[in-house]
Amino acid sequence: MIKNAQQVAAAETAPMSAAGQESAADKHIAPVPRISVQAFCETVESAAAVQAAGEDRRLGKAHVKVQMGGIAAAIEAYHNAPTPNVIMIETDARASDILAGLDKLAEVCDAGTRVIVMGRVNDVTLYRDLTRRGVSEYLMTPIGPIDVVRAVSSLFSAPDAKPVGRIIAVVGAKGGVGASTVAHNVAWAIGRDLALDSVVADLDLAFGTAGLDYNQDPPQGIAEAAFSPDRVDTAFVDRLLSKCSDHLSLLAAPATLDRVYDFGAEAFDSILDSLRASIPCVVLDVPHQWLGWTKRLLISADDILVVASPDLANLRNAKNLVDLLKASRPNDHRPHYCLNQVGVPKRPEISPGDFAKALESNPLAVIPFEPQLFGSAANNGQMIAEVSANHKTADMFRQMALTLTGRTESKRPRGGLLALPPILSKLMKRTG
Ligand SMILES: Nc1ncnc2c1ncn2[C@@H]1O[C@H](COP(=O)(O)OP(=O)(O)OP(=O)(O)O)[C@@H](O)[C@H]1O
Ligand SMILES: [Mg+2]
């Protein structure tokens, strides 16, 4: 295995096949987080190897899907579908054709997706061209299951690997505007439509409704973690999660009043660190309060969604929130906002245009007031898409899920480069 830049340089003078041979037992392979891996193979042997890797204990939390058709099938598939955490592509093409194919794939590849290429060509120039394009790993075929396990694991366990998880904080500009409803429906869409493993953390410990909305009544949840910060690690948090659907789990609020929930500003730091390390997408349902810990959660999130309903108090509060968060996070995307409960009969409302002027950006969505639909969903413990799959608000939640996870439905070309930092030190080959 070629491990670092020096070895890459050394390999230029030595044939790749002679580079260090390392057996599976030589190196600890870390278990991977709850990622999605989709492979597009050319040969049944490689497909079988990836399939078998999916059964390996270290990939126990990953969702692995294997298809045939190589790079052409991948390009076709991702024209209209969001990309997973990891794409594996097998190609038996020549170097120039591999690169041309990858440039096409880059045009449909979402930010953050990592690409592993499997091929027969053994050539340093090709490796360099691949890493320049942001390809994370190159595996020489034929491959065995352990090669796949090791390659996927190394993407997430290297000391310089970026944490897998993205944290999206959702907060209301006022109480009762539907922030939790939006958070739960968006998270559900991330799990179902994007097939990204997600967790909703209900931070409204006394009154949170996530358990009701997902029809779950778990005995444990976020309170156990918040009250025992020293015990928090990935395994501990795993035990507190209750599964809502294939890709969605809940860290439920107790919603009981036998104790009070006065937390210090850093109470949730360790929980979030451990979620971020193992879950691709975490949606925080932040209650409408301005406390040390709510402010800290909002500022430290990767993306923020402020939910407002169209009146003056919401406009003022949303503007204050957006301004403060923008100033505290000068190098991040500005907070998103959406309008909810728009069009209440006979109610004078402030228009989306006026919101856009005051907040200097357009709302991510303008969700209509639909008491029948939202009322049935809330009372039945269902999501909007479960009550009415074709309703336009179900599609709005799906669109918001795409934007908030950095995925776009209309895929834009990105100048031929995959949106990945090249990892020169991660060139791999078959290890015998
Ligand atoms: N677009 C909508 N149309 C009609 N009803 C809605 C809409 N969005 C949310 N609701 C309803 O509004 C109520 C409040 O929603 P929700 O609990 O999500 O608000 P919240 O902002 O989280 O409130 P809190 O401040 O208590 O946390 C719920 O009954 C929900 O079903
Ligand atoms: Mg709420």
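**Cysteines, helix packing and local backbone features**

Cys244 is partly exposed, with a relative accessible area of 24%, where buried means under 20% relative accessible area, exposed over 50% and partly exposed in between, for a 1.4 Å probe and protein chains only. Cys338, by contrast, counts as buried, at 0% relative accessibility. The structure is a predicted model, in which local features need pLDDT of at least 70 and side-chain atom pairs count only at pLDDT 80 or more, whereas totals for chains, interfaces and linings use all residues. Residues are numbered from 1 along each chain as its sequence is written, chains are lettered from A and ligands numbered from 1 in the order in which they are written, and side-chain values use heavy atoms, with hydrogens and water left out.

A disulfide is a covalent bond between the sulfur atoms of two cysteines. With a disulfide taken as a pair of cysteine sulfur atoms within 2.5 Å, the count for this model comes to zero.

The secondary structure of the chain comprises 17 helices and 13 strands, helices (H or I, at least four residues) and strands (E, at least two) being DSSP runs numbered from the N terminus. Of the 432 residues of the chain, 53% count as buried. Contact is defined by heavy atoms within 4.5 Å, and of the contacts in the chain with a separation of 6 or more, 79% are accounted for by residues 24 or more positions apart.

Two helix pairs illustrate the packing. Axes are lines fitted to C-alpha atoms, for helices over the stretch in contact, and angles run from 0 to 180 degrees between N-to-C directions; angles under 35 degrees count as roughly parallel, over 145 as roughly antiparallel, 65 to 115 as roughly perpendicular and the rest as oblique. Helix α4 (residues 95-107) and helix α5 (residues 124-132) have axes 11 Å apart and pack at an angle of about 5°, and α4 and α5 are therefore roughly parallel to each other. In this pair, Ala95, Ile98, Leu99 and Leu102 of α4 meet Leu126, Asp129 and Leu130 of α5. By class, the contact of α4 with α5 has six nonpolar, no polar and one charged residues, where Ala, Val, Leu, Ile, Met, Phe, Trp, Tyr, Cys and Pro count as nonpolar, Asp, Glu, Lys and Arg as charged, and the others, Gly among them, as polar.

Helices α7 and α17 have axes 8 Å apart and pack at an angle of about 75°, and α7 and α17 are therefore roughly perpendicular to each other. From α7 the contact is made by Val182, Asn185, Val186, Ala189 and Ile190, and from α17 by Phe397, Arg398, Met400, Ala401 and Leu404. The contact of α7 with α17 has, by class, eight nonpolar, one polar and one charged residues.

The buried residues of helix α15 (residues 371-380) are Leu373, Phe374 and Ala377. The exposed residues Gln372 and Asn379 are carried by the face of α15 turned away from its buried side. Gly381 follows α15 and has a positive phi, near 65°.

Positive phi values also occur at two residues other than glycine. Ala255, with a positive phi of about 50°, is found in the loop between β9 and α11 (269-278), and counts as partly exposed at 37% relative accessibility. Gln341, with phi near 60°, is placed in strand β12 (residues 336-342), and also counts as partly exposed, at 24% relative accessibility. A further backbone feature is the peptide bond from Thr141 to Pro142, which is cis, with omega near 0°; Pro142 is found in the loop between β5 (137-140) and α6 (145-157).

Two further positions complete the description. Ser249, in strand β9 (residues 248-251), is buried, with a relative accessible area of 8%. Not counting residues up to four places away in sequence, Ser249 touches Arg34, Ser198, Val199, Val200, Leu241, Ser242, Lys243 and Cys244. Asp230, in the loop between α9 (222-227) and α10 (234-240), is exposed, with a relative accessible area of 78%. Asp230 and Ser270 are 40 residues apart along the chain, and their C-alpha atoms are separated by 8.4 Å.
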